[in-house]
Amino acid sequence: MPPGVTFAHIVPIVLRDAHNKAIDRSEKGVVMATYRKHRAFAPKGFFECEGRGLQWLGEAQSQGGSRVVDVFGWSDGYLDIERVDAAMPTIEAARSFGASLARMHDAGAPYFGSAPDGYEGTCYFGPLQDPVPMDTGEWDDVATYYAQGRLRPMVDLGVKRGELDQYDVELTEDVIAALPDLLGRAAADKPARVHGDLWSGNVMWTADRGKTEAVLIDPAAHGGHREEDLSMLALFGITYFRDIIEGYQSVHPLKTGWQERQTLWQLYPIAGHCVFFGGGYVSQYRSMCRSLLR
């Protein structure tokens with residue numbers, strides 16, 4: 001989520017055994033500190049979903065996918081993950097991240113709308129203090145997935161909360177009717193293994209292994225379209241975005257027109273921001289819809 005959103009209080013801890021001895025979690029004998037992300041009365045399955053999502057994304061590292069924080073455990077009220085020391089990004093690291101992101105996407109998913117492997121509960125999207133359910137399913141085509149699993153549920157929730165109205169429903173339905181034309185050649189892409197909430201705040205940069213690299217945190221992982229993640233990076237901006245794209249294109253070139261489709265994929269997170277925050281995001285959502293329908 002973008003700047004201004006309140007995040008969970010994160011507590012740095014070192015895992016210890018029954019004798020209060022620090023547990024060694026590294027191959028080199030260095031104790032790895034852990035961040036505990038927590039919230040009282042979190043929605044059922046929230047932390048398990050995030051933990052399994054991180055693990056699912058992380059499995060792609062064996063195929064050259066992006067680095068993802070290690071998961072040490074979870075319960076109903078917390079998630080323990082690897083602590084990462086921050087560093088400044090570099091152009092080289094950005095290009096490497098783009099390439100690894102493409103490989104992570106190419107690790108794939110069974111369907112559009114698939115939940116992370118091993119998770120059977122509700123998936124979520126949004127800030128920790130107000131996450132909303134994110135539909136899962138077994139959609140074979142991206143247009144139906146985006147209409148039924150993303151746009152309609154989020155806009156309907158906005159109406160229920162009084163942030164959106166019937167005009168927004170009608171605009172959304174007009175966009176959905178135009179999806180075959182708006183998607184173009186991108187409709188042929190297979191389901192990708194996507195982060196699902198890939199704004200710049202969920203891309204950490206670190207040099208804790210001797211070389212600056214990106215590390216992914218806080219996903220809403222699912223089977224989706226690969227342009228979703230790239231459009232989210234563009235939505236709120238990220239340092240060296242062009243270099244990230246250059247690295248991505250070197251591994252799996254995007255279909256023609258991907259720049260024009262960014263607004264389409266950005267509708268879902270902006271509709272979410274209407275739900276969470278209302279205000280100026282409502283006019284932004286309407287303007288985006290109208291721009292797609294010209």
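Predicted model: local features only at pLDDT ≥ 70, side-chain atom pairs only at ≥ 80, totals over all residues.
How many Å should the 16 residues of helix α2 span at 1.5 Å a residue, and how far apart are its end C-alpha atoms? The helix covers residues 91–106 and should span 22 Å, while its end C-alpha atoms are 23 Å apart, which agrees.

The buried residues of α2 are A93, A94, F97, G98, A99, S100, L101, A102, M104 and H105. Several elements cover these buried residues, including α1 (46–58), β8, β9, β10, α6 (226–236) and α7 (241–251). Just after the helix, G108 takes a positive phi of about 80°.

The protein chain contains nine helices and 11 strands. Of its 294 residues, 52% are buried. Among contacts in the protein chain with a separation of 6 or more, 74% are accounted for by residues 24 or more positions apart. The accessible surface of the protein chain comes to about 13,400 Å², and 48% of that surface belongs to carbon and sulfur atoms.

Helix α1 is one of the elements that cover the buried residues of α2. It has 13 residues and reaches 18 Å from its first C-alpha to its last, close to the 18 Å expected at 1.5 Å a residue. Because 10 of its 13 residues are buried, α1 is largely enclosed by the rest of the structure. Those buried residues are F46, F47, C49, E50, G51, G53, L54, W56, L57 and G58.

The loop between β2 (33–38) and α1 holds F41. With a relative accessibility of 80%, F41 counts as exposed. The residue also has a positive phi of about 60° although it is not a glycine. Most residues other than glycine have a negative phi. D80 lies in β5, which runs over residues 78–82. At 5% relative accessibility, D80 counts as buried.

The strands β9 and β10 also belong to the cover of α2. They pair in the antiparallel sense over four bridges, with β10 made up of residues 213–216. T206 stands opposite E213 in β10. The two strands form a hairpin with six residues between them, and G210 in the turn has a positive phi of about 95°.

Is N202 buried or exposed? N202 has a relative accessible area of 2%, so it is buried. The side chain of N202 reaches the backbone oxygen of D218 at 3.3 Å. D218 itself is found in the loop between β10 and β11 (222–224). At 17% relative accessibility D218 counts as buried, because the cut-off for a buried residue is under 20%. Like F41, D218 is not a glycine and has a positive phi; for D218 the angle is about 50°.

Helix α6, another part of the cover of α2, contains E227. At 2% relative accessibility, E227 counts as buried. Which residues is E227 in contact with, leaving aside its neighbours within four places in sequence? They are A186, L254, W258, R261 and W265.

The cysteines come last. A disulfide is a covalent bond between the sulfur atoms of two cysteines. The structure holds zero disulfides. C123 is in no disulfide, and its nearest cysteine sulfur, that of C49, is 3.6 Å away. The cut-off for a disulfide is within 2.5 Å. C49 is one of the buried residues of α1, and C123 is buried with a relative accessible area of 1%. C289 is likewise in no disulfide, its nearest cysteine sulfur being that of C274, 9.0 Å away. At 0% relative accessibility, C289 counts as buried.

How values were computed. Residues numbered from 1 in each chain as written. Heavy atoms only, no water. Buried < 20%, exposed > 50% of the residue type's maximum accessible area, 1.4 Å probe, protein only. Polar contact = N/O pair within 3.5 Å; in protein donor to acceptor, adjacent residues only side chain to side chain. Pairing = 2+ DSSP bridges. Expected span 1.5 Å × (residues − 1). Contact = heavy atoms within 4.5 Å. Areas by Shrake-Rupley, 256 points an atom, 1.4 Å probe, with all protein chains shown as cover.
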